[in-house]
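Please examine the sequence and the coordinates shown below before reading on.

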Amino acid sequence: MPQNGHVARHVLPIPDRAYSGPVAYDAQDPDAAVAPIAPLRPPSGAPNVLIVLLDDVGFGAGSVFGGPCAMPTAERLAADGLRYTRFHTTALCSPTRQALLTGRNHHSVGMGGITEIATAAPGYSSIRPNTAAPLAETLKLNGYSTAQFGKCHEVPVWETSPLGPFDAWPTGGGGFEYFYGFIGGEAHQYHPAIYEGTVPVEPATTPDEGYHFMADMTDKAIGWVRRQKALMPDKPFFAYFAPGATHAPHHVPREWADRYRGRFDQGWDALREETLARQKALGVVPADAELTRRHDEIPAWSEMPEELKPVLARQMEVYAGFLEYTDHHVGRLVDALRDLEVLDDTLVFYVVGDNGASAEGTLNGTFNEMINFNGAAALETPEFMLERLDAFGGPDSYNHYSVGWAHAMDTPYQWTKQVASHFGGTRNGTIVHWPAAIRARGEIRAQFHHVIDIAPTILEAAGIPEPTSVHGVAQKPIEGTSMAYSYDDAAAPDRHVTQYFEMFGNRGIYHRGWTAVTRHKTPWILVGEQAPTFDDDVWELYDTTADWTQARDLSAEQPERLHELQRLWLIEATRYGVLPLDDRVAERIRPEVAGRPTLIKGSSQLLFGGMGRLSESSVLSIKNRSHSVTAEVVVPDGGASGVIIAQGGSIGGWSLYAKDGRPRYCYNLLGIERFYVDGERELPPGRHQVRMELAYDGGGLGKGGTVTLYLDGDRIGEGRVDATAAMIFSADDTCDVGRESGALVTPDYGARDNAFTGEVVWVQLDVGDDDPDHFVTAEERIKVAMAQQ
């Protein structure tokens, strides 16, 4: 191994050098002496690095940038560091994260959308090319310790099962030596589906005992940093701390939400004005910054039904408490670094949001966002939500606030998350803290920057060159620009002078202070929006050197400049793999349409006892068609109880289980109503076959059906399920065989340990189309089995 002082680091792993000194016969011969083994370390002076990336937090949310939600930790770091007020993301979570972790634009690394809607097109495949090694891998191969905590939404959906492959997982090919978190877009904060490395693990406590994932992941991060400094004090670390907060569901202990009781009764229009006043006082926007207009698609507070306003206010109270609670736990991690006396020599990036605030909660907000995702938002009437007012933010909710609050959290800018054309979707305040190297304290930086700039900034701080080859693969250049030039020079000219934006056809271009933008789609309209053709989109033009907030459209006054910027957008889009544009959403959910692989093919799937943590993309879809669930179980002498198989959770799903010795089926319709069908005979000791058949009514999506239960081929029960979920059970609850983890489909199990008392040998899922007879019946299956025996 070469000595660290003279290491060539462009090729990774750093090639070993063969020993070229004298060779002695006897180890005691003086000529046999060789230099001691030198462990790999980064260049001298390389700092520890901590990236904190929050989720779905708009520019105008946190107090550190003038918002109404207290963020004392962020304020503390900003007072001793720098606030970047023109820092930008991609307008969506997976793309921002892949861009941050590679230093390349999101389409360049295959992440033109979230992983769940990946297509075969290179810019949208969700596959990171091996020519763009992750930052964590580069740092690890240069001698850093690396760890990730929280959300990982960069794994292709067909690789998210417990069997991998793990090339895109944090500890597989992501460059992290340790991972504790969840794989996917969001998590139930009280019942998360956690992985440690690639191994599924369960929380050690329950919500009743005070469990919350934000506290849990912070405990794990603090423990890891302490171990790292105890065992490798001379080795710097790279920690990526990415909470699922404040992405929906907005889960927070009630006392934190109650801190904001009555603070939002004035509504979102007044709140925007209050926030802008605070922002001007802080200096995070200029004194002449204009409040952009509220778009016609977003109702005024005065237009909302009076009976709904208490619910709306509570939605925002819960969100504010969630953000403050999140910042509190970030503070625990920061305090741990201080106690270890390494905080000043840790380069901290506190990125307050991976995109703008989320407007995916509908105009009225939602108690369970899966209701909207299944096209049933009309069920959530004011009366429905008022009945559940006290449960918002608790373990039984899966809540999201209304569009009006999302817009207010993006003050003073236009639009929200997903809308990459406007700053409301892409501008996220960011704090940089590194007292050991940055002389400036408590200052504001207004240079234009983008999330792809973090990776080159860290490499420059560590004295590590951008690699030209990683694991034998030539690397394409990093596309970001280091921010280090601006640390101690507030007047330094911008170095990141051009940046394209695109998401769902919403697109924009920034170039030397000018922006040309066009909004193509509305984020809260999931289906049915009649978007124009791309050529018919209306473009706007803004001079952000004089109009900070994009409030005054100059397209009619300067059509030639607009045309130049539109052409520049097309050049940049071609350069970075944006084309062909793709504004489909619902269609891209279907793998066969999108052109991405799928784990499950055909109309049947066999599972075995003990299998679990299976995401919806890992399980045969039973929605909108007739289906059967057949299980072979071994019942002990004491009788049967517990879960045979369950999918989903408290917000929607189904379970086949034994209760009081008898088979029972529960269909949980979006957390609104549970339908039960009971078996009339007990399961006797021994090996038996339990079967559930649902004969779908047909006639469209989300219809009901008739459920029949069988024991060893004999009909033992029948009942109705009046309606079903059309699209999705849950974004994070999974399917388990022999027990149910996470938020439970039904509380009917009656015990914390809901494992089946005997043995679940296997379970087979079979589906047909919307023909109720288009699957093998129980009687036919028994005849086949008997014939085979």
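Where is the place of proline 580? Proline 580 is in the loop between α13 (559–575) and α14 (586–589).

## Basis of the description

This is a predicted model, in which local features need pLDDT of at least 70 and side-chain atom pairs count only at pLDDT 80 or more, whereas totals for chains, interfaces and linings use all residues. Residues are numbered from 1 along each chain as its sequence is written, and side-chain values use heavy atoms, with hydrogens and water left out.

Helices (H or I, at least four residues) and strands (E, at least two) are DSSP runs, numbered from the N terminus.

## Backbone particulars in loops

The peptide bond from leucine 579 to proline 580 is cis, with omega near 0°. A cis peptide bond also joins leucine 12 and proline 13, where omega is about -5°. Proline 13 is placed in the loop between β1 (11–12) and β2.

Aspartate 56 has a positive phi near 60° although it is a residue other than glycine. Aspartate 56 belongs to the loop between β2 and α1 (72–79).

## The sheet of 10 strands

An open sheet with mixed pairing has 10 strands in the order β8-β7-β6-β5-β9-β2-β10-β11-β3-β12; two strands pair if DSSP finds at least two bridges between them. β8 (199–201) and β12 (443–445) are its edge strands, each pairing on one side only. On average, neighbouring strands of this sheet are turned by 20° against each other, direction ignored. Axes are lines fitted to C-alpha atoms, for helices over the stretch in contact, and angles run from 0 to 180 degrees between N-to-C directions.

Within this sheet, β3 (residues 82–84) and β11 (residues 430–433) run antiparallel and are joined by 3 bridges. Opposite tyrosine 84 stands threonine 430 in β11. Helix α12 lies across β2 (48–53) and β10 (346–351), and runs at about 170° to β10.

## The sheet of 6 strands

A further open sheet has 6 strands with antiparallel pairing, in the order β20-β30-β21-β26-β27-β28. Its edge strands, β20 (604–608) and β28 (714–723), each pair on one side only. The twist from one strand to the next averages 15°.

Strands β21 (residues 627–635) and β26 (residues 686–696) run antiparallel, with 9 bridges between them. Valine 629 has methionine 692 in β26 as its bridge partner.

## Helices packed on α7

Residues of α4 including Met214, Ala215, Ile222 and Val225 meet residues of α7 including Tyr325, His329, Leu333 and Leu337, where contact means heavy atoms within 4.5 Å. By class, this contact has 9 nonpolar, 3 polar and 2 charged residues. Ala, Val, Leu, Ile, Met, Phe, Trp, Tyr, Cys and Pro count as nonpolar, Asp, Glu, Lys and Arg as charged, and the others, Gly among them, as polar.

The axes of α1 and α7 come within 7 Å and cross at roughly 45°, so the two helices are oblique to each other. Pro72, Thr73, Ala74, Arg76 and Leu77 in α1 meet Asp327, Val330, Gly331, Val334, Asp335 and Arg338 in α7. The contact of α1 with α7 has 5 nonpolar, 2 polar and 4 charged residues.

## Cavities and a pocket

A search of the whole structure finds 5 cavities of 30 Å³ or more. On a 1 Å grid over the protein atoms alone, a cavity is a set of points where a 1.4 Å probe fits but cannot get out, and a pocket is an open set with protein on both sides within 12 Å along at least five of seven lines; lining residues have an atom within 4 Å of a point. Grid points are joined across faces, edges and corners, and a volume is the space filled by probe spheres set on the points.

The largest cavity has a volume of about 60 Å³. Its lining divides into 8 nonpolar, 3 polar and 1 charged residues, among them Leu101, Arg104, Pro134, Leu459 and Ile478. Helices α2 (93–102), α3 (135–140) and α12 (454–462) each supply at least two residues of this lining.

The second largest pocket holds about 960 Å³ of space. Of the 37 residues that line this pocket, His191, Pro207, Gly742, Ala743 and Leu744 lie nearest its centre. The lining of the second largest pocket has 16 nonpolar, 11 polar and 10 charged residues.

Terms used:
Parallel < 35°, antiparallel > 145°, perpendicular 65-115°, else oblique.
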